[in-house]
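Notebook open, structure loaded. I'll jot down what I look up as I go.

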Amino acid sequence: MINLPSNKTTLTDEPRSHPVLYSFRRCPYAMRARMMIYFSGVQVEHRDILLKSKPQEMLEVSPKATVPVLVLENGDVLEESRDIMVWAAQQNDPMHLYPEQEDMRTMISDLLDETDGPFKSALDRYKYHVRFLENSREHYREEGEIFFVKLEKLLANNQFLLSESPCMADIGIFPFVRQFANSDRSWFDNAPYPRLQNWLEYWLEHNAFKHIMKKLPQWSQETDPVYYPELEVRPNI
Ligand SMILES: N[C@@H](CCC(=O)N[C@@H](CS)C(=O)NCC(=O)O)C(=O)O
């Protein structure tokens, strides 16, 4: 096991605003947005939805009909998870997850492009192989492994992907690695990516991840608003 820093600290920020986040618990795009919002300390009204019955209120502001969607107090709508992650860091970034250096931002962006592009495409084909029978499941797994090899190399240089401390790339990527790993856990656990396994385990065990994965009631106009994250002892990184 790598020796990572303790992940507990107390944030005392009071809530400053309540933008509305539409989210689906198991969606990796929504997970990355919730994690960055969590670490920013900004509280949002969290509306947990089901993909098979999206609320009209969400479709009206975002006809694109994907989650996550963040509706700001001035009415602006962010409907891409990466925009929501950047927005969260711009509000408050005590952990420096979105460093100011241009070269770091370029590296983060390149890694997220690869995640959302070729890796996600391989992940979908591997996970839902019955819909993509033109190639074998192993073929798609090997396509996904191209990214794993890259991540494993990065983790040989530092404890996190781009430095000794985590950044938006770590947070934006691990929900997708988790999904890939869960598609065949015994394969992943025995695959030759010890640093990646360790890194994934770190995130899965992180208090922030446990917090953002808590089951919340499905939102409707009738339910009481859920403010999220709850203000409490927050995990640091
Ligand atoms: N590019 C979008 C992709 C979001 C996305 O595809 N989310 C999925 C859930 S994981 C979704 O909402 N799909 C619509 C549906 O299944 O109806 C983002 O980064 O936010």
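I started in the loop between α2 and β4, which is where Ala65 sits. Helices here are DSSP runs of H or I with at least four residues, strands are runs of E with at least two, and both are numbered from the N terminus. Ala65 is not a glycine, yet it has a positive phi of about 65°. Pro68 is in that loop as well, between α2 (56-61) and β4 (69-71). I checked omega for the bond joining Val67 and Pro68: about 5°, a cis peptide. I noted both because most residues other than glycine have a negative phi, and most peptide bonds are trans.

Another cis bond turned up between Tyr228 and Pro229, with omega about -10°. Pro229 belongs to the loop between β6 (226-228) and β7 (233-234).

Housekeeping: residues are numbered from 1 along each chain as its sequence is written. This is a predicted model, where local features need pLDDT of at least 70, side-chain atom pairs count only at pLDDT 80 or more, and totals for chains, interfaces and linings use all residues.

I looked at confidence next, as pLDDT (the predictor's per-residue confidence, from 0 to 100). The chain average is 91, and 90% of the residues score at least 70. Residues 1-16 stay under 50, and the model gives them 24 contacts beyond four places in sequence. A contact means C-beta atoms, placed from the backbone, within 7 Å.

Then the ligand. Its shell (C-beta, placed from the backbone, within 6 Å) includes Ala65, Val67 and Pro68, along with Phe24, Tyr29, Glu80 and Arg82. I count by class seven nonpolar, two polar and two charged residues in the shell. Nonpolar is Ala, Val, Leu, Ile, Met, Phe, Trp, Tyr, Cys and Pro; charged is Asp, Glu, Lys and Arg; the others, Gly among them, are polar.

Last, helix packing. How are α4 (102-127) and α6 (168-183) set against each other? Their angle is about 10° and their axes are 10 Å apart, so α4 is roughly parallel to α6 (angles under 35 degrees count as that). Axes are lines fitted to C-alpha atoms over the stretch in contact, and angles run from 0 to 180 degrees between N-to-C directions. Among the residues meeting there are Leu112 and Phe119 from α4, and Ile173 and Phe176 from α6. That contact has 11 nonpolar, four polar and two charged residues.

I also have α1 (28-40) packing on α6 at about 145°, axes 9 Å apart. Among the residues in this contact are Met31 and Met35 of α1 and Phe176 of α6.

Terms used. Two residues are in contact if their C-beta atoms, placed from the backbone, lie within 7 Å. Angles under 35 degrees count as roughly parallel, over 145 as roughly antiparallel, 65 to 115 as roughly perpendicular and the rest as oblique.
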